[in-house]
Amino acid sequence: MKILITGIGIVGKSTLRRMLYQFFSFQNLNVKHYDADNFAHLRHPIDQSCIKPEEFSQSNIYLIEDIHGPIESQCLFPLATYDLILYLYCDRLNHTLFQISRAVQWLKSGKYDYDTINGWKGSQKPFDPRNILPIIKLIYKNFYRSQKLQAKDLLAISAYPHIVIQATWTKSGPAFDFKSSNLK
């Protein structure tokens, strides 16, 4: 079974993936989990195409986190190849809180805004003041884009089996609540 975990950036996708991995492992099920940002080694070295779904074992559960899952031109695998899509939805307030929390980590590391092609932006120096303004700009940009991106993503996944999960920021990490589903 292939399960896609997706949503806009910085809403707890990695946390949910690890939680599900632990849950399925505890149930003694064969489960593997991947972050598509680190999937480069699975792409074909010549044409960079994705591995075909037939290469996945039917006896395993695959949890694949892919921020670009609903974006046809950037996704690791087409939406139709997944048995289930888990979409993390986040309102603007919670998304801003997630980002502010992450901004503190970015400032501490000197790296922010990871991109699979270009890597990390930033000076690479902890607490470098040169990183503050770009981080603020990124949070501002994401604040205004988040609702449009989520609406577009939800439209893209609407034809496929999916569950929408509300992601909420808490001091102890993301919290997740069932929001809606199109499962029959």
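**The aromatic cluster**

Modeller: Phe56, Tyr62, Phe77 and Tyr82 are linked into a cluster by ring pairs. The model is predicted, so local features need pLDDT of at least 70 and side-chain atom pairs count only at pLDDT 80 or more, while totals for chains, interfaces and linings use all residues. Residues are numbered from 1 along each chain as its sequence is written, and side-chain values use heavy atoms, with hydrogens and water left out.

Rings of Phe, Tyr and Trp (its six-membered ring) pair if their centres lie within 6.5 Å; planes under 30 degrees apart count as stacked, over 60 as edge-to-face and the rest as tilted. The structure holds eight aromatic pairs. One of them joins Phe56 and Tyr62 edge-to-face, with 4.6 Å from centre to centre and 80 degrees between the planes. Phe77 and Tyr82 also form an edge-to-face pair, at 6.3 Å centre to centre and 75 degrees between the planes.

Burial comes next. A residue is called buried under 20% relative accessible area, exposed over 50% and partly exposed in between (1.4 Å probe, protein chains only). Phe56 counts as buried because its relative accessible area is 10%. Tyr62 is buried because its relative accessibility is 6%. Phe77 and Tyr82 are both buried as well.

A charge also belongs to this picture. It sits over a ring if NZ of Lys or CZ of Arg is within 6 Å of the ring centre and within 35 degrees of the ring normal. Lys2 lies over the face of Phe77, 4.1 Å from the ring centre. The charged end of Lys2 also sits over the ring of Tyr82, at 5.3 Å from its centre.
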